[in-house]
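Open the model in your viewer and keep the selection panel at hand. Each stop below names what to pick and what to look for.

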Amino acid sequence: MPLAVRAIVPCLRMELPLWSWLSEPLAMDFANTIRRRGMVDHDYVRTGADVASWAAAEAPQVPRVSARAAQARLAEIRAVRDDIRAILQATVDGVPLPARATARLNDRARALPVVGQLGRRAGEHRSVPATRAGAIDELLARVAVATIELVGFGGPDAVRFCDAPSCGDFFAPDRSNQVWCDESCGTRARVARHAAHARRQ
């Protein structure tokens, strides 16, 4: 089912410790703040505190943010997340990237460039915003740049979508024929298929 028409409900109860499933590249981890329970998508970014805890889990890739600052811009943060999800889904589906979401993400990356800086020794480097910025602006700039790099440089083979029950995560495949993000998802998907087939008999 296309991502745009799935019902997404607030997450009321955690099956796993919060953010324990995060292990993918930054853009995917941001998109994966929507996750399935069964085959229903649940939004784990309900409050500014959720954004703050996600940022803490992703440190040092993004700056730490306060729950209060995140709450004040929660709608914007979720809109950027939804644009990234739409772009990743289009990449998975092999269709043109959604024009409006792509334009908004490009605008955000241009508004606050994140640039590389050398450290004191060869092989040491870090990335910093080109101008002074608040933590929320920096966080959104970093996820925008991460998405551009992932999709722009990695291409369609860099992103997959795990359609298993209780997952629904984007993931970076380890091999060309990989369908599920891990074997447990493959097992759940096969069991669900078998149960659905048995019900039709």
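Select Phe30, Val45, Val51, Trp54, Ile77, Arg78 and Arg81: these residues line the largest cavity. Keep in mind that this is a predicted model. The cavity holds about 40 Å³ of space. The count of cavities of 30 Å³ or more comes to 1. Now colour the lining by element. Helix 2 and helix 4 each give two or more residues to it. Helix 4 gives the most, with 3 residues. Then colour by class. The lining has 5 nonpolar residues, no polar ones and 2 charged ones.

Stay with Phe30 and show what surrounds it. Which residues does Phe30 touch, leaving out those up to four places away in sequence? The list is Trp54, Ile77, Val80, Arg81, Ile84, Leu139, Leu140 and Val143. Phe30 has 3% relative accessibility, so it counts as buried; the cut-off for buried is under 20%.

Phe30 sits in helix 1 and Trp54 in helix 2, so the pair ties together parts that are 24 residues apart in sequence. Trp54 is buried too, because its relative accessibility is 1%. In total, the structure holds 5 aromatic pairs. For another ring site, select Trp19, Trp21 and Tyr44. Ring pairs link these three into a cluster.

Widen the view to the largest nonpolar core. It has 39 residues, and Phe30, Trp54 and Leu88 touch the most other members.

- helix 1 (26–31), with at least two core residues
- helix 2 (48–58), with at least two
- helix 4 (74–93), with at least two
- helix 5 (99–111), with at least two
- helix 6 (135–154), which supplies the largest share, 9 residues

In soluble globular proteins, nonpolar side chains tend to be buried together.

Move on to a second core. This one is separate and has 6 residues, including Cys162, Ala164, Phe171 and Trp180.

Now pick Val179. Where does Val179 lie? Look in the loop between strand 7 (170–171) and helix 7 (183–200). Is Val179 buried, exposed or partly exposed? Its relative accessibility is 47%, so Val179 counts as partly exposed. Show its contacts, leaving out residues up to four places away in sequence: Val179 touches Phe161, Cys162 and Phe171. Of these, Cys162 and Phe171 belong to the second core. Draw a C-alpha to C-alpha distance from Val179 to Phe161. The two are 7.8 Å apart in space and 18 residues apart in sequence.

Last stop: zoom out to the whole protein chain and switch to cartoon. How many helices and strands does the chain have? There are 7 helices and 7 strands. Trace them along the sequence and the pattern reads β-α-β-β-α-α-α-α-β-β-α-β-β-α. Colour by accessibility next. Of the 201 residues, 42% count as buried. Among contacts with a separation of 6 or more, 59% come from residues 24 or more positions apart.

Notes. Residues numbered from 1 in each chain as written. Predicted model: local features only at pLDDT ≥ 70, side-chain atom pairs only at ≥ 80, totals over all residues. Heavy atoms only, no water. Core = buried A, V, L, I, M, F, W, Y, C linked by side-chain atoms within 4.5 Å. Buried < 20%, exposed > 50% of the residue type's maximum accessible area, 1.4 Å probe, protein only. Helix = DSSP H or I, 4+ residues; strand = E, 2+ residues; numbered from the N terminus. Contact = heavy atoms within 4.5 Å. 1 Å grid on protein atoms, 1.4 Å probe; cavity = no way out; pocket = protein on both sides within 12 Å on 5 of 7 lines; lining within 4 Å. Points joined across faces, edges and corners; volume = space filled by probe spheres on them. Nonpolar A, V, L, I, M, F, W, Y, C, P; charged D, E, K, R; others polar. Phe/Tyr/Trp six-rings, centres within 6.5 Å; stacked < 30°, edge-to-face > 60°.
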